[in-house]
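Welcome, and please open your viewer. We will go from stop to stop, selecting one piece after another.

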Amino acid sequence: MNPLIPIMVILPIACALLLNLLHKKDKTIKILAILVALTIPIIPLIASYGTYFFGGYAPLAENSAIAQNLPAFITSSALNVFHPAITYNFDSAQKVMVFILGLIAFLAIFTSLNETKKPSGVYAFLMFMGTAAVSAILLTDDIFNLYVFFEIAAITQVGIIVASKVKNNYETALKYMILGSVAAPLLLLGIALLLGLTGSVNITDIIYSLKNGVVDPQNPVLLMACGLIVFGWLYGSGLPPFHTIKSAVYSKALPHGAALLQAFSVFTFVALGIIILRIFSFLPFAQIVIIVISLLAMILGITMALMQNDFKRIIGYLAVGELGYIGIGLGLGTALGITAGLFQAINEAIITAFLFIGFGTVLYKTSISDTRKLGGLMIENPKVALLVLLAGLAMAGVPPLNAFQSKLQLIQASISAGLPELGIIMILISIVTFMTFMKAFYTIFMRPKPVELEINDKNIPKATIISMLVLLAVCIILGLFPQIATDLLQVLANSLVI
Amino acid sequence: MNIYDVVLKRIREIQTKTEEQEPLTNISASSTLAAEITLISSLLIALVMLRLVNTVLMIVIVLAVFVVALTFMPIMPRLKREQNDSFNSMIFFVIVALGIIITLFYWGNLNV
């Protein structure tokens, strides 16, 4: 077993708990948080692939020492291959996703600690705890363990909004929590139904039970379980009908918090989407549902983004719309489609974080997020304006930036799968995304400064600029050399082909 | 009355209803128009995929949706009003979505 696999989850949790204890010791919090945040993306890079068993041991089939003392009716049954422990899998796809999540967490924490004079141990606690929860969601092969961390991630998201001190943040946090209290128990009910049918919460075991006739795949209870898990998936990732509350959540967080929150949503979306594909791909309707929901997310996300005046809300809706691209890739069910979808997930997490941090500079200088009251900020800081423009171009899929590659692959995959209509819609939505971004960019940076607008004299922290430059570098590297990510993601995609 | 005037009239009506004091600008009007066109065109293109089920069904539904969309134009201001931050409308759509998902999974998988 590889001890670095659990460290990816345990380290941020341990750091979160320690930071909470160190509340008000600002200097210590800063040093500790930055050191640990820097370590988080490094661990997946140095860890070797493998599995880790929590609170148990490897399946009997791989564990001859235990198996030899057991009666034959156990070793010759399905129990021989079942996992009697909480299993964490670390493979090439997890490597790249945990790395990107860690990188965004580091940059968000780094920016937040430098933009805030008195860094709160509680705020940093929430950011680390959320990162640990989403890392666990990506790594775990145990659906109940996933649910536990899903709830922790939801609670930390509520906490990040509450700790943000943005107007009306409490109301949004409360709404998100109440909606979660409807959706999350239904997800748990879906998991309970799966457990009742298959006798296991290990995803590999559930798939074994379905493929080897232990459970009837057409059992109506299984269909109900699939519906409930899909519903939980919608809540966790902010797909319709949760797109309104999710975009509100992003807009009520501080920009660095929102950058991290959207990464949580993207990776929760991917992790649950993969699980739905793995368990329920034999259901003909599962694929159609994923594609329809993704299309809805794209269309509603982009059209609602166009109608907004608050730039944080615009990015929030754009982020929801971009989730649709990932879903279409997964829903196509081909190796190319799934690889492109996963690649788009990584790109979206990076670009949206870039946009939130970039537009966050506007908030830092003016404390205003209403685009109708802003203007003329390009004269104030042309370099930051250029970086924000590049982030917007990346989101729209302009070459040579990263989303160009993933969106092109998605369009190719949809044509190869015999659904060119999806390709046409993706091109259309990309064009409108560019238009939406340019509308916000023009009103904030390019049009004349309104007379009543007050811009403070504070310099934008260097940490913010460094974070934006790092994200830009990742966008360019993945745009020029997409195979760095796609080669790693392809292994998982091949195993998911429907 | 051309489509641009229809959109402007509708936005003014909604602003009056929601007691918004902000003036109607070129940017907000053109955004609404762009969103309207995006919504209808994306929907129609998506419906073309029904060709995989039945070509005649696809033609009938695309034409029907096109006529309905033209009749009820502009749709975006109504959609924006529905997709607001009110908790009541959020929970309403959540429950509707849950019902649709569970029904479709049952119907879709047992009948396809």
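Select chain B: of its 112 residues, 20% count as buried, where buried takes 20 or more other C-beta atoms within 10 Å of a residue's own, exposed 12 or fewer, and partly exposed lies in between, with C-beta atoms placed from the backbone. This is a predicted model, in which local features need pLDDT of at least 70 and side-chain atom pairs count only at pLDDT 80 or more, while totals for chains, interfaces and linings use all residues. Residues are numbered from 1 along each chain as its sequence is written, and chains are lettered from A and ligands numbered from 1 in the order in which they are written.

Colour chain B by secondary structure and you will find 5 helices and 0 strands; helices (H or I, at least four residues) and strands (E, at least two) are DSSP runs, numbered from the N terminus.

Next, select residues 121–139 and 143–162 of chain A, helices H6 and H7. Their axes come within 8 Å and cross at roughly 155 degrees; axes are lines fitted to C-alpha atoms, for helices over the stretch in contact, and angles run from 0 to 180 degrees between N-to-C directions. H6(A) and H7(A) are therefore roughly antiparallel. Look for Leu126(A) and Ala133(A), among the H6(A) residues that meet H7(A), and for Phe149(A) and Ile160(A), among those on the H7(A) side. By class, this contact has 13 nonpolar, 4 polar and no charged residues.

Move on to the loop between H7 and helix H8 (169–198) of chain A, and pick Lys165(A). Lys165(A) has a positive phi of about 55 degrees although it is not a glycine, and it is exposed, with 9 other C-beta atoms within 10 Å. In that loop between H7 and H8, also pick Asn168(A), whose phi is near 65 degrees.

For the last stop, select Pro240(A) and Pro241(A), joined by a cis peptide bond with omega near 10 degrees.

Terms used:
Parallel < 35°, antiparallel > 145°, perpendicular 65-115°, else oblique. Contact = placed C-beta atoms within 7 Å. Nonpolar A, V, L, I, M, F, W, Y, C, P; charged D, E, K, R; others polar.
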